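Subject: Handover of a structure, with notes

Dear colleague,

I am passing on the structure below, together with some notes on what was found in it. Please have it open beside you while you read.

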Amino acid sequence: STRKTHPKWKSGNPRREYCTMHSNIIDTPEIIELREITQQHERGVMESTPDVGQFLRFLMRMLKAKNVVEVGSFTGVALMRMAEELPDDGKAFALDVSDEYVNVGKPVLKKAGLLSKIEYKIAPALDSLVKLKEE
């Protein structure tokens, strides 16, 4: 179970342990695979925790979001959570300065059938946001 194994959750913080043990986080096989790949990355600590992913999914559902912008996508763990919630005609704009990081997650996002919903912008976020506003 992700809630017992995620490295950021091994802090011994009793409040975090209570919250994670009493939450209903359901991971798809692709999320689990991407988490495992990301944890092996030298900067794997930048990964979003499962509770953050669950919260993002909640927000997406509550707002009935059709589009979303993620600044700093890294390998795409949180991006995958949000893309799963988008309608078929929705779009996730993934902004990152490094295609090295996003390329780690692309094969798993493709396997999950989500790449068609994702548009990557590899540049400084401010530049990408200005271009998105102009489009």
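Lysine 64 is found in the loop between α4 and β1, where helices (H or I, at least four residues) and strands (E, at least two) are DSSP runs numbered from the N terminus. The phi angle of lysine 64 is near 50°, a positive value in a residue other than glycine. With a relative accessibility of 71%, lysine 64 counts as exposed, given that buried means under 20% relative accessible area, exposed over 50%, and partly exposed in between (1.4 Å probe, protein chains only). Phenylalanine 74, which is found in the loop between β1 and α5, also has a phi near 50°, again a positive value in a residue other than glycine; phenylalanine 74, however, is buried, with a relative accessible area of 6%.

Please keep in mind that this is a predicted model, in which local features need pLDDT of at least 70 and side-chain atom pairs count only at pLDDT 80 or more, while totals for chains, interfaces and linings use all residues. Residues are numbered from 1 along each chain as its sequence is written, and side-chain values use heavy atoms, with hydrogens and water left out.

The sheet comes next. It is an open sheet of three strands in the order β1-β2-β3, with parallel pairing, and two strands are taken to pair if DSSP finds at least two bridges between them. β1 (67-71) and β3 (118-122) stand at the edges with a single partner strand each, so one side of each is left without a neighbour in the sheet. From one strand to the next, the twist averages 15°, where axes are lines fitted to C-alpha atoms, for helices over the stretch in contact, and angles run from 0 to 180 degrees between N-to-C directions. Five bridges join β1 to strand β2 (residues 91-96) in the parallel sense; valine 68 stands opposite alanine 92 in β2, and the bridge partner of valine 69 in β2 is phenylalanine 93. In a regular strand the side chains alternate between the two faces of the sheet. Five of the six residues of β2 are buried, so this strand is largely enclosed by the rest of the structure.

Eight of its nine residues are buried, and α5 is accordingly described as mostly covered; the buried residues are Val77, Ala78, Leu79, Met80, Arg81, Met82, Ala83 and Glu85. What covers them includes α3 (29-40), α4, β1, β2, α6 (99-111) and β3, with contact meaning heavy atoms within 4.5 Å.

Within α5 lies alanine 83, which counts as buried at 0% relative accessibility. Not counting residues up to four places away in sequence, alanine 83 touches Leu114, Lys117 and Ile118. The C-alpha atoms of alanine 83 and asparagine 67, which are 16 residues apart along the chain, are separated by 9.1 Å.

The contact is made by Gly53, Gln54, Leu56, Arg57, Met60 and Arg61 of α4 and by Ala78, Arg81, Met82, Glu84 and Glu85 of α5.

α3 and α5, for their part, pack at an angle of about 165° with their axes 10 Å apart, which makes α3 roughly antiparallel to α5. Here the contact is made by Glu30, Ile31, Leu34, Arg35 and Thr38 of α3 and by Val77, Met80, Arg81 and Glu84 of α5.

With best wishes

Terms used:
Angles under 35 degrees count as roughly parallel, over 145 as roughly antiparallel, 65 to 115 as roughly perpendicular and the rest as oblique.
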